[in-house]
Amino acid sequence: MRNKEVAEKFYELAKMAELANDNPFKIKAYTEAARRIENLPYPIEEIAREGKLLEIKGIGKSIAEKIEQYLKTGKIEKLEELKKKIPPSLLEIEKIPGMGAKKAKALYEKLGIKTVEELKEAAEKGMIRNLPGFGEKTEKKILEGLKFMRDKTVSRVLLGIALPLAEGIVEKLKAHSPVDKIQICGSIRRMRETIGDIDILVTSKHPEKVMDYFVKLPEVKEIIVKGETKTSIFTHENLQVDLRVVAPESFGAAIQYFTGSKQHNIRLREIGIKMGLKINEYGVFRLDTNKKIAGETEESVYNALGMDWIPPEMREDRGEIELALKHKLPELIELSDIKGDLHMHTVYSDGQNTIEEMANEAIKLGYEYIVISDHAKALGIANGLSIERYKQEREEIEKLNKKLKPFKIFLGAELNILSNGEVDFSEEELKFFDICLAGIHTAMNQEKEKITERIKKAIRNKYIRIIVHPSGGILNGRPNYEVDIDAILEEGKKYGKIFEINSSPERLDLNDLNAKKAKEQYGLKLAINTDAHSVLSLRNMRYGIGVARRAWLTKDDILNTLPKEAFEKFVARNDER
Ligand code: DGT
Ligand code: CA
Ligand code: CA
């Protein structure tokens, strides 16, 4: 389906027409057409083939002709003409915050600025402030806009976006091209929270067919290089995907090499050299005779170095190599160890599904229990619940528990740690819940001492068992609160509290390093929860598992690997205290 691609061409046409001072009605028509094409439920190429373009609302004869031109030739004549009048690089300039078409055009006409580099130079030299309609303030804004764009282009993509995208590509390559083995490598395989680019390795007897198919995938926006052994493309999200074809006898060595991390690989090579071995993406070789001694499987590579195979999530050179040499690697937690999810929302607060829908989905995922933890009343924007509404939830849950047996739903609450460390309800009221979770949702800008003390106070509340998303950051969004993580982990240890690994791909909080520290330095247990606001996001559990594995955690470190009866006992402690 080429809808998105065609739509983008029309957006480009509209922008170029604007820069060229074209008729405003035409500009509007191009933009409108782009929007319509983007939202079409059918492939535009099929509609064109059937001669039905004019049936699409908002598309007239002249636009229909342009669509046909583009589908046939890859070009729109009108756009090519405009490009002769106006340098297309102005489109880049126009996108910078604080610029826009009018200013881009004025700078081009008055100072001949055609590229982002030229714009930067002119702004830094103070050449823009004296132009009519610009001034010092505008010049400063342009410099800030340039910096923002630079930060944005180096920003990494969330694992929650990159992993499904990579899996989609792998599925298609498997189904429609002659690949034999295929493996996603790089930071995705290591389950890093953000991803720079996607690395996929395959073996095949017909590499050229694999590459031909790969570059025609609908995910592809632009081909960077296409070769027999390596092809790189950009997706529509501007994410680079590198596809490499390697020889079957080197597959293990290659996936080991391209899984990284770079630091981990460097350490392996150092150890290899001491043993008289050379390691590269083709295999493990004896330095003296150049004889290949391993490489077909990843295990063979690690074994040749006297080590056990190391799970990809641990390959960060944080001590895993030493453990592998001593055959003492931990048995990491797996998704199938999870027996319940302890943090989710329903239509009672700001979720999209009912309690029953969430429960049925959890049953499908193989869980034995869940905790429904809708927001409490202080969080007005999330439709937080009063005790009366929690009572309604309790009634509904009791009915469902009869119906869904042996599956069990617990009534929880996600309390708000208010700016003074108190929560939404009195201790007397908190007795009502099976289990209480608490986290910060407001006043996140408090200074370090205050916000740390605030969380410590919540930790001392005997009814609160789990601290959710303890550091508060949103990946690619906002930074963590200024919280002293060590101080709250220490307090958590004193009061026997559980800290959450929030599996939502925007959060992944605690992160790998803090989760590792929670276990190793403070002997704490953690919970891995999804914080799901819909049945679909219950499936985000695997991202939290990725964090836990990167933190070297095992099944025993995680509260919600407990079977139902043991979890019931954990919950019952509420009454004793
Ligand atoms: P990313 O893409 O920034 O999220 O991180 P990675 O780890 O996927 O890095 P990437 O895509 O640059 O390279 C993939 C793997 O290939 C990397 O983890 C290790 C290996 N690799 C790449 N370049 C080098 C290198 O210059 N030296 C070594 N030893 N390994 C490399
Ligand atoms: Ca990568
Ligand atoms: Ca790469």
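Helix H23 spans residues 541-550 in this predicted model. The helix is mostly covered, with nine of its ten residues buried. The buried positions are Met541, Tyr543, Gly544, Ile545, Gly546, Val547, Ala548, Arg549 and Arg550. Several elements contribute to the cover over these residues, including helices H10 and H22. Strands S11 (340-341), S16 and S17 also take part. After H23 comes Trp552, which has a positive phi, near 65°.

Two of the covering strands pair with each other. Strand S16 (residues 498-502) and S17 run parallel and are joined by four bridges. Within this pairing, Phe499 has Leu526 in S17 as its bridge partner. Strand S17 itself covers residues 526-529. In a regular strand, side chains alternate between the two faces of the sheet. Both faces of S17 are covered. Leu526 and Ile528 are buried on one side, and Ala527 and Asn529 are buried on the other.

The largest nonpolar core holds 94 residues. Within this core, Ile409 and Leu415 touch the most other members. Helix H10 (residues 159-176) supplies the largest share, eight residues. The core draws at least three residues from each of domain 3 (157-245) and domain 5 (335-572). The surroundings of Leu415 were listed without residues up to four places away in sequence. On that basis Leu415 touches Ala376, Val423, Asp424, Phe425, Leu430 and Cys436, among others. A second, separate core contains 47 residues. Among them are Ile56, Tyr70, Leu91 and Ile142.

The domain assignment divides the chain into domain 1 (1-77), domain 2 (87-151), domain 3 (157-245), domain 4 (250-325) and domain 5 (335-572). The centres of domain 3 and domain 4, taken over C-alpha atoms, are separated by 24 Å. Their contact takes 13 residues from domain 3 and 13 residues from domain 4. Interface size is often given as the accessible area lost when the parts come together. Between domain 3 and domain 4, the buried area is about 1100 Å². Carbon and sulfur atoms give 63% of this area. On the domain 3 side, Arg189, Arg190 and Leu201 lose the most area to domain 4. Together these three residues account for 56% of what that side buries.

Leu201 also has a place in a strand pairing. Its bridge partner in S7 is Arg244. Strand S4 (residues 198-202) and S7 run parallel, with five bridges between them. Strand S7 (residues 240-245) is mostly covered, and five of its six residues are buried. Strand S6 (residues 230-235) is joined to S7 by five bridges as well, but these two strands run antiparallel. Here Ser232 stands opposite Asp242 in S7. S6 and S7 form a hairpin with four residues between the strands. In this hairpin, Asn238 takes a positive phi near 60°.

Technical notes: Residues are numbered from 1 along each chain as its sequence is written. Chains are lettered from A and ligands numbered from 1 in the order in which they are written. This is a predicted model: local features need pLDDT of at least 70, side-chain atom pairs count only at pLDDT 80 or more; totals for chains, interfaces and linings use all residues. Side-chain values use heavy atoms; hydrogens and water are left out. Buried means under 20% relative accessible area, exposed over 50%, partly exposed in between (1.4 Å probe, protein chains only). Two strands pair if DSSP finds at least two bridges between them. A nonpolar core is a set of buried Ala, Val, Leu, Ile, Met, Phe, Trp, Tyr and Cys residues joined through side-chain atoms within 4.5 Å. Domain bounds come from an automatic or database domain assignment. Contact means heavy atoms within 4.5 Å. Buried area is the accessible area (1.4 Å probe) that two parts lose on being put together, summed over both.
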